[in-house]
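Please look at the sequence and the structure before reading on.

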Amino acid sequence: MNYKLIPMQVFGDKRGKLVSLESRRNVPFQIKRVYYIFDTLPEEERGKHAHKNLEQIVIAIDGSCQLVLDDGASREEVWLNRPDVGLYIGKNMWREMRHFSYGCKLVILASDYYDEKEYIRDYGEFLRCLK
Ligand code: T46
């Protein structure tokens, strides 16, 4: 499985808490793109695709959701519900996102610019690409 949970250092004091994300330090790639997802609904699912080369870190900075990760051989479920834990997802991993809390906020760091040609959105094609 090409994913891992990365605990982030939290700088906290009486004013609140802060987490810093830095390329090739606590983020294991050069960050080229940041995007975020918000206004989520529990009944809606997202993802259902893989990336040929993209690496990403997903952080639930508010609320929670479940990620299903699939490498073509097995499937695992991971809950994201902490703003100080990032989920690293490497290439060739099918991902599905579901069970969002209302208004969950995800921040995603990506190793490359957006490119729709880099997506594999059909599960059968994903399995064929692995061979
Ligand atoms: C991923 C999961 C975790 C852009 O124009 N630029 C972007 O950088 C992104 C990420 C998306 N878009 C467009 C493409 C679609 O028209 O935004 C629309 C929604 O994207 P999508 O349906 O791919 O969103 P999710 O939540 O299913 O998947 C996203 C990322 O696309 C994907 O890389 O791993 O979040």
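How many Å separate an oxygen atom of the ligand from an N or O atom in the side chain of Arg33? The distance is 2.5 Å. This value, like the others here, is computed from a predicted model.

| Side chain | Distance from an N or O atom to an oxygen atom of the ligand |
|---|---|
| Arg33 | 2.5 Å |
| His51 | 2.7 Å |
| His49 | 3.4 Å |

Taken alone, the ligand exposes 650 Å², and the protein buries 69% of that area. The ligand is located in the largest pocket.

The shell around the ligand can be described by residue and by element. There are 13 residues around the ligand, and those that come nearest are Arg33, Arg46, His51, Gln56 and Tyr119. Sorted by class, the shell holds 5 nonpolar, 4 polar and 4 charged residues. At least two shell residues come from each of strand 4 (33-37), strand 5 (46-51) and strand 10 (94-98). Strand 5 gives the largest share, with 4 residues.

The protein as a whole has 12 strands and 1 helix. Read from the N terminus, the order of its elements is β-β-β-β-β-β-β-β-β-β-β-β-α. Its radius of gyration is 15 Å, close to the 14 Å that the globule rule gives for 131 residues, so the protein is as compact as a globular protein of that length. The C-alpha trace spans about 55 × 35 × 25 Å along its principal axes.

Technical notes
Residues are numbered from 1 along each chain as its sequence is written. This is a predicted model: local features need pLDDT of at least 70, side-chain atom pairs count only at pLDDT 80 or more; totals for chains, interfaces and linings use all residues. Side-chain values use heavy atoms; hydrogens and water are left out. A residue is near a molecule or strand if one of its heavy atoms lies within 4 Å of it. A polar contact is a pair of N or O atoms within 3.5 Å; within protein, one must be able to donate a hydrogen and the other to accept it, and residues adjacent in sequence count only if both atoms are side-chain atoms. Accessible areas come from the Shrake-Rupley method with a 1.4 Å probe; for residues, only the protein chains shown count as cover. On a 1 Å grid over the protein atoms alone, a cavity is a set of points where a 1.4 Å probe fits but cannot get out, and a pocket is an open set with protein on both sides within 12 Å along at least five of seven lines; lining residues have an atom within 4 Å of a point. A molecule sits in a cavity or pocket if more than half of its atoms lie within 2 Å of its grid points. Ala, Val, Leu, Ile, Met, Phe, Trp, Tyr, Cys and Pro count as nonpolar, Asp, Glu, Lys and Arg as charged, and the others, Gly among them, as polar. The radius of gyration is taken over C-alpha atoms; the globule rule is 2.2 Å times the number of residues to the power 0.38.
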